[in-house]
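Reader: I'd like a close look at one spot in this model, the place where charged side chains pair up. Could you walk me through it in plain terms?

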Amino acid sequence: MSISASDVIPLSQARANLSELADQVKAGAEKIVTKNGESYVAIIDAQRLDYYHQLEREHIHLLLIADAGKGLADVAAGQVKDARSALSAIRQRRTGNTSR
């Protein structure tokens, strides 16, 4: 859905017309409320917000699956390190201590 100029509303106008704005949003519009000329908040339907959150969770799951696949590919290629020595190397880098 695209946002038109009529969907961008100053905060003072939004306060005065909140019930009307809510009806428009429930009918499918999305509104951007501005404060001091800058975008401040968006008003969207609660069901659409739930849908956006679901999409975000699914995206995170896909990223985790991709990372797991990369890890499995590393294991298959023999590109593995002992966890204790890897953690020790990270700690040494953080402290700037390079001696072993």
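Author: Let's start with a term: a polar contact is a pair of N or O atoms within 3.5 Å; within protein, one must be able to donate a hydrogen and the other to accept it, and residues adjacent in sequence count only if both atoms are side-chain atoms. By that rule, the side chain of Lys31 makes a polar contact with the side chain of Gln24, at 2.7 Å.

A quick word on the ground rules. This is a predicted model, where local features need pLDDT of at least 70 and side-chain atom pairs count only at pLDDT 80 or more, while totals for chains, interfaces and linings use all residues. Residues are numbered from 1 along each chain as its sequence is written, and side-chain values use heavy atoms, with hydrogens and water left out.

Back to Lys31, which sits in strand β2, residues 31-35 (helices, H or I with at least four residues, and strands, E with at least two, are DSSP runs numbered from the N terminus). Lys31 counts as buried because its relative accessible area is 5%; buried means under 20%, exposed over 50% and partly exposed in between, using a 1.4 Å probe and protein chains only. Leaving aside residues up to four places away in sequence, Lys31 touches Ser6, Asp7, Ile9, Leu21, Gln24, Val25, Val41, Ala42 and Ile43, where contact means heavy atoms within 4.5 Å.

One of those neighbours carries the opposite charge. Side chains of opposite charge can pair when their charged atoms come close. Asp7 forms a salt bridge with Lys31, with the closest N and O atoms 3.1 Å apart; the term asks for a side-chain nitrogen of Lys or Arg within 4 Å of a carboxyl oxygen of Asp or Glu. Asp7 lies in the segment before β1 (8-10) and Lys31 in strand β2, so the pair ties together parts that are 24 residues apart in sequence. Asp7 is buried too, at 10% relative accessibility.

Lys26 and Asp45 meet through their side chains at 3.1 Å, N to O. Lys26 belongs to helix α2 (residues 18-26) and Asp45 to the loop between β3 (38-43) and α3 (46-76), so this bridge links parts 19 residues apart in sequence. Lys26 is exposed at 57%, whereas Asp45 is buried at 13%.

Then there's Glu30 with Arg48, a salt bridge at 2.8 Å, N to O. Glu30 is in the loop between α2 and β2 and Arg48 in helix α3, so the pair joins parts 18 residues apart in sequence. Glu30 is buried at 12%, and Arg48 is partly exposed at 27%.
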